[in-house]
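Me: I am new to this structure. Please walk me through it in short questions and answers.

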Amino acid sequence: MGLWRAPVAEYGLARAAKLVHDAGLSVSSLCRGGFFSADDWLTDNRDAIDEAATLGAPVLILVPGGLGARSLDAARAHVAAALEALVPHAEEAGVRLAIEPMHPMYCADRGVVSTVDSALDLAALFPASTVGVVIDTYHVWWDERVWSLIESAGAAGRIASFQAADWITPLPEGVLLGRGLPGTGCVDTRRFAAAVTAAGYPGPLEIEVFNAELWARPGPEILRDTIRSYVDHVVPAGERNHLGEH
C-alpha cells in the first residue's frame, strides 16, 4: 500500500511502521516530497526521505511544486537544483526519488513539471537507481507522445512508480478531488498497464483516487469497488477470469 505523510505523522511514524509490518503488508511508496517552491523544502524533503526509509518504502513520490516567486524556467531549474541537493541523502537512505509529472492545469501551484519527457530530462542528470519518474494515468493520459515516452522511460530503467486513476467529466468543483476509479472516465487504464509492463516495470500498481464522494462511503465498499475496477478496467482481459476465481 502507498502511504501519505500527513496520516502517518498523525498516527505516529514508528507506530505506523509497526502497524504495516504487523499486518503483513509492504509499503509501495510514500507520498509526498517535493513542493520545492516552499521555503522549508530542503528540511522537509530530507525528513520525507528519512520517513520513507523508516517505513520501508522504496520510493518517495515528488510533487515538484508550483511557481512560487520564480518564473516558469527558473522554477523548473530550481527542481533540478533541489534534486541535486537531495540525491546524496536519498542514496544513503536507500530511497528512490520519483518525479511526478502533473497535468498542465496544476503547473502554477502544484507541478511545474508537466510531461513525462520533462521529468525524464530531470531524472537523467542522476543515477537511475536513485531518481526515476512516476507514470500517473490521471496526469499524463492526454499526451499523444506518452506511449513512446513510457517505452523510453522503461528502456532507461526510470519508471519508479505507476499510479492509476480516471479522468471524469465534467470535472467536479475542486479539481484536486476530481479523480475517478478506473473505468469511470475516459482514460484507457488497461492500455497504460500493458505499456508500463511491456516497458519492463516490475513494481506495484497503485490505485490513487482523490474523490470526496468515494471517501465518504464505508471502507469495505471502497475496497470492493476498487478491486472490481482494477479487475475490469486495468488487468489484461486474458487474466480477468483467473483473478475472478479468487
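Me: Which strands does helix α4 lie across, and at about what angle does it run to β4?
Reply: This is a predicted model. Helix α4 spans residues 72-93. It lies across β3 (59-63), β4 (96-99) and β5 (131-136). Its angle to β4 is about 150 degrees.

Me: Which strands does α8 touch, and what angle does its direction make with that of β6?
Reply: α8 also packs on the sheet. It touches β5, β6 (159-164) and β9. With the direction of β6, that of α8 makes about 165 degrees.

Me: What is the order of the strands in the open sheet?
Reply: The sheet has 7 strands. Their pairing is parallel. The order is β1-β2-β3-β4-β5-β6-β9.

Me: Which are the edge strands?
Reply: An edge strand here pairs on one side only. That holds for two strands, at residues 3-4 and 205-207. They are β1 and β9.

Me: Which residue in β2 is the bridge partner of Trp 4?
Reply: β1 pairs with β2 (residues 30-34) in the parallel sense. The pairing runs over 2 bridges. Across it, the partner of Trp 4 is Cys 31.

Me: What kind of peptide bond joins Cys 31 and Arg 32, and what is omega?
Reply: Arg 32 lies in strand β2. The bond joining Cys 31 to Arg 32 is cis. Its omega is about 10 degrees.

Me: Where is Pro 170 found, and what is omega for the bond that joins it to Thr 169?
Reply: Pro 170 sits in the loop between β7 (166-167) and β8 (179-180). A cis peptide bond joins it to Thr 169. Omega there is about -5 degrees.

Me: Is Phe 35 buried or exposed?
Reply: Phe 35 is found in the loop between β2 and α3. It has a positive phi of about 45 degrees, although it is not a glycine. Its relative accessibility is 18%, and the cut-off for burial is under 20%. So Phe 35 counts as buried.

Me: What is the relative accessible area of Phe 162, and which residue in β9 stands opposite it?
Reply: Phe 162 has its place in strand β6. Its relative accessible area is 3%, so it is buried. Opposite it in β9 stands Leu 205.

Me: Which residues is Phe 162 in contact with, and how far apart in space are Phe 162 and Gly 203?
Reply: Neighbours within four places in sequence are left aside. The contacts of Phe 162 then include Ile 135, Phe 192, Val 196 and Tyr 201. Gly 203 is 41 residues from Phe 162 in sequence. Their C-alpha to C-alpha distance is 7.8 Å.

Me: Why do α7 and α8 count as roughly parallel?
Reply: The axes of α7 (residues 146-155) and α8 (residues 189-198) come within 9 Å. They cross at roughly 30 degrees. Angles under 35 degrees count as roughly parallel. Therefore α7 and α8 are roughly parallel to each other.

Me: How do the residues of the contact of α7 with α8 divide?
Reply: The crossing is right-handed. Val 146, Trp 147 and Ile 150 of α7 meet Arg 191, Phe 192, Ala 195 and Val 196 of α8. These residues divide into 6 nonpolar, no polar and 1 charged.

Me: Which residues make the contact between α2 and α3, and how do they divide?
Reply: α2 (residues 13-22) and α3 (residues 41-55) pack at about 35 degrees, with axes 9 Å apart. Their crossing is right-handed. Leu 13, Ala 16 and Ala 17 of α2 meet Glu 51, Thr 54 and Leu 55 of α3. The division is 4 nonpolar, 1 polar and 1 charged.

Me: Is Asp 225 buried or exposed, and which residues is it in contact with?
Reply: Asp 225 is found in helix α10 (residues 219-233). At 14% relative accessibility, it counts as buried. Beyond its neighbours within four places in sequence, its contacts are Leu 181 and Arg 217.

Key:
Residues numbered from 1 in each chain as written. Predicted model: local features only at pLDDT ≥ 70, side-chain atom pairs only at ≥ 80, totals over all residues. Heavy atoms only, no water. Axes fitted to C-alpha atoms, helices over the stretch in contact; angles between N-to-C directions. Helix = DSSP H or I, 4+ residues; strand = E, 2+ residues; numbered from the N terminus. Parallel < 35°, antiparallel > 145°, perpendicular 65-115°, else oblique. Left-handed = near helix turned anticlockwise from the far one by under 90°. Contact = heavy atoms within 4.5 Å. Nonpolar A, V, L, I, M, F, W, Y, C, P; charged D, E, K, R; others polar. Pairing = 2+ DSSP bridges. Buried < 20%, exposed > 50% of the residue type's maximum accessible area, 1.4 Å probe, protein only.
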